[in-house]
Amino acid sequence: MAQQVPVSREAVIQDLGLDGDEAGEAHAVTDDLAYQRLAIVNVVLFGSPNAGDRGWVLIDAGLPGSRGRIEKSAAARFGNGARPAAIVLTHGHFDHVGVLEDLAEAWDAPVYAHTAEHPYLDGSAAYPAPDPSVGGGVMARIAPLYPTRPVDVRKRLHALPQDGSVPSMPGWRWLHTPGHSPGHISLWREADRSLIVGDAFVTTAQESAYAVMMQEPELHGPPMYLTTDWPAARRSVETLAALKPERVITGHGRPLAGPDMRRALDALAQDFDRIAVPSQGRYVDAPATAENGGAYREP
């Protein structure tokens, strides 16, 4: 199994070094898009600099313990005390909702997610168990230690609009891209062909601690140890590749842009089973889906 499609370093939007932002500022990708690396995961901030209170949106909510860095980054970009108009979630895995409860409460912010992801966000269901048997490195081997219990933001939780629009993000649409989780979404802006991917695919080998540290640009399928429906994951990557994005911001790895990124994304979509799907694993032959009930466990 190849596990990756190499990408030229010229495709990296910004060469930020190994440990992201030490000054507390997010890194601009476009005039109104920025991202911040928090150890192993990225969060995205949408909104123009100095947008002020309720003038911006947070996409995903980082790892446990990252609240201070997210708040500092938001204040530096949008102004002291500036709260988001909304928090939009690509999905609810532990590294994307680590400080969601704290931030939603402190900011009194609505939280939007796909309805298939709501059981993980209202306290009613846990994710399927992570699968360390997929291989790929230490991050996969320690996967049984990753939290799967839900968070509970039911008081502020809302479904994404059925018309595909994204609250407080004019010009953007959400796309259902399941596979890594049943309610996983990506965000797409046609005007400049910007794509916020979540973990539908990633630009680093998330199973490997060395790869996560080095952040070499490569295209990978979704993190293997938490992906529970590989046929759906393949269809999602095919959908995203067909958009022909100009730039992508993923949940793990560096943001990429340009023709070499698109070449690699096409290659990933066309040869997904060989590149992305592990040769073994509990969900390879027996997907855990919303339809068969396997995606939701007792918390």
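**Close-up views of a predicted model**

View 1. The 12 residues of helix 6 (residues 259-270) should span 16 Å at 1.5 Å a residue, and the end C-alpha atoms are 16 Å apart, which agrees. The expected span is 1.5 Å times one less than the number of residues; helices (H or I, at least four residues) and strands (E, at least two) are DSSP runs numbered from the N terminus. This is a predicted model, in which local features need pLDDT of at least 70 and side-chain atom pairs count only at pLDDT 80 or more, while totals for chains, interfaces and linings use all residues. Residues are numbered from 1 along each chain as its sequence is written, and side-chain values use heavy atoms, with hydrogens and water left out. Met261, Ala264, Leu265, Asp266, Leu268 and Ala269 are the buried residues of helix 6 (buried, under 20% relative accessible area; exposed, over 50%; partly exposed, in between; 1.4 Å probe, protein chains only). Their cover includes helix 5 (230-242), helix 7 (272-275), strand 1 (5-6), strand 12 (218-219), strand 13 (247-250) and strand 14 (256-257).

**View 2. Packing of helix 1 against helix 2.** Helix 1 (residues 67-78) packs on helix 2 (residues 100-107) at an angle of about 45°, and their axes are 10 Å apart. Helix 1 is therefore oblique to helix 2 (under 35 degrees counts as roughly parallel, over 145 as roughly antiparallel, 65 to 115 as roughly perpendicular, and the rest as oblique). Arg67, Ile70, Glu71 and Ala74 of helix 1 make the contact with Asp102, Leu103, Ala106 and Trp107 of helix 2, where contact means heavy atoms within 4.5 Å. The residues of this contact divide into five nonpolar, no polar and three charged (Ala, Val, Leu, Ile, Met, Phe, Trp, Tyr, Cys and Pro count as nonpolar, Asp, Glu, Lys and Arg as charged, and the others, Gly among them, as polar).

**View 3. His114 in a loop.** His114 lies between strand 7 (111-113) and helix 3 (138-141) and is buried, at 13% relative accessibility. Not counting residues up to four places away in sequence, His114 touches Leu160, Trp174, His176, Gly183 and Ile185.

View 4. Asn50, which is not a glycine, has a positive phi of about 65°. Asn50 is placed in the loop between strand 4 (41-46) and strand 5 (57-59) and is exposed, with a relative accessible area of 64%. Ser168 also has a positive phi, near 65°; this residue lies in the loop between strand 8 (157-159) and strand 9 (172-176) and is partly exposed, at 42% relative accessibility.

Technical notes:
Axes are lines fitted to C-alpha atoms, for helices over the stretch in contact, and angles run from 0 to 180 degrees between N-to-C directions.
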